[in-house]
Amino acid sequence: KGDILLFSYVGYESQRITYKGEKILAIKMLPNTELLDEVVVIGYGKQKKNSVVSSINAIGPKELAVSSNRNLTNTLAGQVPGLIAVQRSGEPGYDNSEFWIRGVSSFKGGTNPLVLVDGVPRNMQDIEPDEIESFTLLKDAAATAVYGAEGANGVILITSKRGNSQKPKISLRAESTLLTPTRLPKFMNSVETLELYNEALNNEGTASIRTAEEIAKYGPGADRDLYPDTDWLKEMLREHTYNMRYTLNVRGG
């Protein structure tokens, strides 16, 4: 007797009751609507969304789902307002997009935004898309002021997934991709190449590099060691390429 019992529940005000020896306690919980308001991640923690006056956009794992290229930088294009993504090259390994938040902020300085993964500056390409819990974009000066000069070009906050107090949740994702070029250049064979090369030389008043008899030896049935006629693009590249990817996640706590 005389002990204080604390009753609490998510979305309700906590109740402190002094125990007087009752066998049955009837506790009426009063709802607290402030606890149910949506929160957003900002530079120094979390804040209720209805009290945020700065420009912040956030997306979740569903919008970040990648199915084909698995490139996070290219997937974000068109997903977040104010984020401009430009892919300069399609070369494997160099196909990441450049990021601008609300356009180019500086003329000669760096234009890339500050990327923080769980509060640590990291390269966005180094994190697996399936590990991301939330992706937040801080765009204006009010939102990025806490980062000082580092956040002059905007800030991207990435929060990775953490274990929850729940039963283990297992998810498996399997992907199969078939890649084929839209079109490939068509090359001339050896006979056509030599004939046109001779024609170009003759137009400039220069003697031909091969006679007609020599060019004829490059035709069908010739010795390919002495008179080669090989389409190296066709020999070295396959028409189709297959990619397989499996992602297994186990989450719990």
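Ile-170, Leu-172, Met-244, Tyr-246, Leu-248 and Val-250 form a nonpolar surface patch of about 720 Å². Patch residues have over 30% relative accessible area and no salt bridge; nonpolar side chains (Val, Leu, Ile, Met, Phe, Trp, Tyr) are joined within 5 Å, and like charges within 9 Å. Areas come from the Shrake-Rupley method with a 1.4 Å probe, and for residues only the protein chains shown count as cover. The model is predicted: local features need pLDDT of at least 70, side-chain atom pairs count only at pLDDT 80 or more, and totals for chains, interfaces and linings use all residues. Residues are numbered from 1 along each chain as its sequence is written, and side-chain values use heavy atoms, with hydrogens and water left out.

Which strands build the patch? Strand S12 (169-179) and strand S13 (241-251) each supply at least two of its residues. S13 gives the most, with four residues. Strands (E, at least two residues) and helices (H or I, at least four) are DSSP runs, numbered from the N terminus. Val-250 sits in strand S13. Is Val-250 buried or exposed? Val-250 counts as exposed because its relative accessibility is 59%. The cut-offs are these: buried is under 20% relative accessible area, exposed is over 50%, and partly exposed lies in between (1.4 Å probe, protein chains only).

## Three salt bridges

The model has three salt bridges. Each needs a side-chain nitrogen of Lys or Arg within 4 Å of a carboxyl oxygen of Asp or Glu. One joins the side chains of Arg-162 and Asp-118, at 3.1 Å from N to O. This pair links distant parts of the chain, 44 residues apart. Arg-162 is in the loop between strand S11 (155-160) and S12, while Asp-118 is in the loop between strand S8 (114-117) and strand S9 (120-121). Asp-118 is partly exposed, at 36% relative accessibility.

Another bridge pairs Arg-251 with Glu-133, at 3.2 Å from N to O. Arg-251 lies in strand S13 and Glu-133 in strand S10 (residues 132-138), so the bridge ties together parts 118 residues apart in sequence. Both ends are partly exposed: Arg-251 at 22% and Glu-133 at 30%. Arg-173 and Glu-175 also meet in a salt bridge, at 2.9 Å from N to O. Arg-173 is partly exposed, with a relative accessible area of 26%. Glu-175 is buried, at 13%.

## A buried lysine

Where is Lys-139? Lys-139 lies in the loop between S10 and helix H2 (141-144). Lys-139 counts as buried because its relative accessibility is 14%. What does Lys-139 contact, leaving aside neighbours within four places in sequence? Its partners are Ser-55, Asn-57, Pro-81, Gly-82, Ile-101 and Arg-102. Contact means heavy atoms within 4.5 Å.

## Nonpolar cores

A nonpolar core is a set of buried Ala, Val, Leu, Ile, Met, Phe, Trp, Tyr and Cys residues, joined through side-chain atoms within 4.5 Å. The largest core has 17 residues. Leu-76, Met-124, Phe-135, Ile-156 and Ile-158 touch the most other members. Strand S7 (97-101), S8, S10 and S11 each supply at least two residues of this core. S10 gives the largest share, three residues.

Leaving aside neighbours within four places in sequence, Met-124 is in contact with Leu-72, Thr-73, Leu-76, Phe-99, Val-115, Phe-135, Ile-156 and Ile-158. A second, separate core has eight residues, including Ile-56, Ala-143, Val-155 and Leu-157.
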